[in-house]
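Have the viewer open while you read.

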Amino acid sequence: MLRPMAVRNPTLLFRPHLRELHGYTPGEQPKIRGLIKLNTNENPYPPAPKVLKVTQQAVDGRLRLYPNPTADALREKLARFHGCDPLQIIVGNGSDELLAMAVRAFSEPMSREVPPHFSRVQFFWPSYSLYPILAQIHGATPIKVPLAADFGLPSVKELKKGKIWDFRAALSLVTTPNAPSGRGYRTADLEALCEAQKGIIILDEAYVDFAEENALELALNYPHVIVSRTFSKAYSLCFQRVGYFVAHPKVIEGLQKTRDSYNVNGLGQVAAEATLDALPYYHKNFDRIKKSRARLHRELAGMGWAVLPSQTNFILTRPAQGSAEYWLGALRDKKLLVRWFSAPDMNEWLRISIGSETEVDALLQAIRQIQASA
Ligand code: PMP
């Protein structure tokens, strides 16, 4: 008779590189009544009424069935939206899933037999804190390449001189516009980087609908460039988890092989399709958010706070007095949740998502009250 293995410490049953790994820490989703949530860059406005209606109507007997495995109807609509072929699009359970797939598809786990650049996953820093974790889970080598002090993108010349960036790296990721700074990048500068890069380069445009430029054309023109987009932020659909990549058909074909069979849930597909039929509603929201962003920037700067120019739906700001950690707590006491990162290179800053007009009012009022009572 087979005897079950005596497991004293289940941690030791994991592969060694996973035992000490710290997983990704998502922004809190507390259930506090009346809380104003400005910590995870969700959109303050609901999905378009038609999106809610169509999604609700899809909750019927078809929940019994598997959804379309390759999200074909959605890919066709996205292809029309972007002026490309559906074969240039893959849809994921949020763009997070696609980023994880890309790490697995393009980089090798570290080993003595493999030249280092094959296992290299590099990205500018600070940026999306999930990237290094995805590389670590896979056993690849995460490499952080510092952005300029103002979060600007180093030029190809500077990268060559700095020697940290590897132009042969298996996978490179650029968050554009950058998170958590909100800084936007010029397509011309991104193109110069893509020109020089030999391996796959992902331009993560999670926040691009709030920016002045987008680099989608680079994914259509360069076979090693992927543009990553999401319905989460600009299209108020975090809950449904729908993101997508645009890339060369051969890149998409390869990625399709590594996908889970039914990776995008049916209601997510329905909601994302309906979203693409309601674009004018969302364009109005982008304008409202950009207006609120300008107002928040102006008012905080007026109170002596350092504010970085943002091309996203959040701003990065350094309080005039008191530590950022103090402000996180003081605002939380007033039922306003913002994001603070404890990492030493970021711990002077607060990242604040742009809320609705009334949420921005409440935030500014709370800041004035806290400042006055300090
Ligand atoms: N990229 C960046 C830069 C992000 O901030 C996020 C959201 N945290 C994502 C990708 C992932 O978004 P989603 O999985 O919701 O599509």
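Predicted model: local features only at pLDDT ≥ 70, side-chain atom pairs only at ≥ 80, totals over all residues.

1. Start with Lys-144, whose charged end sits over the ring of Trp-125, 4.2 Å from the ring centre. The test here is NZ of Lys or CZ of Arg within 6 Å of the ring centre and within 35 degrees of the ring normal.

2. Residues are numbered from 1 along each chain as its sequence is written, and side-chain values use heavy atoms, leaving out hydrogens and water.

3. Now the sheet. It is open, with 7 strands in the order β2-β8-β7-β6-β5-β3-β4 and mixed pairing. Strands are DSSP runs of E, at least two residues long, and helices are runs of H or I, at least four, both numbered from the N terminus; two strands pair if DSSP finds at least two bridges between them. At the edges you have β2 (89-92) and β4 (141-146), each pairing on one side only. Neighbouring strands are turned by 20° against each other on average, direction ignored; axes are lines fitted to C-alpha atoms (for helices, over the stretch in contact), and angles run from 0 to 180 degrees between N-to-C directions.

4. For a closer look at one pairing, take β3 (residues 120-125) and β5 (residues 171-175): they run parallel and are joined by 3 bridges. Val-121 has Leu-171 of β5 as its bridge partner.

5. Two helices to check against the sheet. Helix α4 (residues 95-106) packs on it and touches β2, β3, β5, β6 (200-204), β7 (225-230) and β8 (243-246), with its direction at about 45° to that of β8. Contact means heavy atoms within 4.5 Å. Helix α9 (residues 249-257) lies across β2, β6, β7 and β8, and runs at about 35° to β2.

6. How well covered is α5? Mostly: 7 of its 9 residues are buried, where buried means under 20% relative accessible area, exposed over 50% and partly exposed in between (1.4 Å probe, protein chains only). The buried set is Leu-130, Tyr-131, Pro-132, Ile-133, Leu-134, Ala-135 and His-138. Their cover includes α1, α4, β3, β4, β5 and β6. Just after α5, Gly-139 takes a positive phi of about 85°.

7. The aromatics deserve a pass too, with 15 pairs in the whole structure. Rings of Phe, Tyr and Trp (its six-membered ring) pair if their centres lie within 6.5 Å; planes under 30 degrees apart are stacked, over 60 edge-to-face, the rest tilted. Tyr-24 and Tyr-128 have ring centres 5.9 Å apart and planes at 85°, so they count as edge-to-face. This pair links distant parts of the chain, 104 residues apart: Tyr-24 is in the loop between α1 (16-19) and β1 (36-37), and Tyr-128 in the loop between β3 and α5 (130-138). Tyr-128 also pairs edge-to-face with Tyr-131, with centres 5.4 Å apart and planes at 80°. Tyr-131 is buried at 1% relative accessibility, whereas Tyr-24 is partly exposed at 28%. Elsewhere, ring pairs link Phe-210, Phe-231, Tyr-235, Tyr-244, Tyr-281, Tyr-282 and Phe-286 into a cluster.

8. Arg-186 and Glu-213 meet at 2.6 Å, N to O. Arg-186 is in the loop between β5 and α7 (187-196) and Glu-213 in the loop between β6 and α8 (216-221), so the bridge ties together parts 27 residues apart in sequence. Arg-186 is exposed at 53% relative accessibility, and Glu-213 partly exposed at 29%. Another one to click is Glu-42 with Lys-37, whose closest N and O atoms are 2.7 Å apart.

9. Last stop, α11. Arg-295 and Asp-361 form a salt bridge (2.9 Å, N to O), and since Arg-295 lies in helix α11 (residues 279-302) and Asp-361 in helix α13 (residues 357-373), the pair ties together parts 66 residues apart in sequence. Ser-292 is also in α11 and is buried, with a relative accessible area of 3%. Leaving aside residues up to four places away in sequence, Ser-292 touches Ile-354, Gly-355, Glu-357 and Val-360.

Technical notes:
Salt bridge = Lys/Arg side-chain N within 4 Å of Asp/Glu carboxyl O.
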